[in-house]
Amino acid sequence: MIVRNAFSVPRRVGPSGHGGVGSIEHCRVFNAEDFESDWNSVSFDVLPPGCAIGVHEQREEEIYFILEGHGIATVSGEECEVGPGDMGLGRRGDTHGIRNHFSQPLKMVAIGVRVQSSLAQSPQS
């Protein structure tokens, strides 16, 4: 078993990505090289108030698990409020993004899993 503490892994603070707003705190806890399966990544992200990850097309399956705070998730054009304990699944081809327009930071885990057709197109395969 590989154990890493998400709170002590080096973090980067930078643009939120995908045409979003503001800067996020991002920590890649596990990379594709850590897995023997189609899992691609596990990340811990903090979106400060006013920050958003822009809506973009999903190239792999991705799960968002909200740990703290609240946000508005957009999946394939539909919006819903998310909060602690909520998990969202984005499938390949979906469009999705998340924004925090609340007063507290939004803390979440993002898990990326490659699908077979994306494995065939990946430069890693």
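Predicted model: local features only at pLDDT ≥ 70, side-chain atom pairs only at ≥ 80, totals over all residues.
Residues are numbered from 1 along each chain as its sequence is written, and side-chain values use heavy atoms, leaving out hydrogens and water.

Is Ser43 buried or exposed? With a relative accessible area of 4%, Ser43 is buried (under 20% with a 1.4 Å probe, protein chains only; exposed is over 50%, partly exposed in between). Leaving aside residues up to four places away in sequence, Ser43 touches His26, Cys27, Arg28, Val29, Met108, Val109 and Ala110 (contact means heavy atoms within 4.5 Å).

## The whole fold

Stepping back, the protein has one helix and ten strands, and from the N terminus on they run β-β-β-β-β-β-β-β-β-β-α. Its radius of gyration is 14 Å, close to the 14 Å that the globule rule gives for 125 residues, so the protein is as compact as a globular protein of that length (the radius is taken over C-alpha atoms, and the rule is 2.2 Å times the number of residues to the power 0.38).

The C-alpha atoms fill a box of roughly 40 × 35 × 25 Å along the principal axes. Of the 125 residues, 42% are buried. Among contacts with a separation of 6 or more, 62% come from residues 24 or more positions apart.

Key. Helix = DSSP H or I, 4+ residues; strand = E, 2+ residues; numbered from the N terminus.
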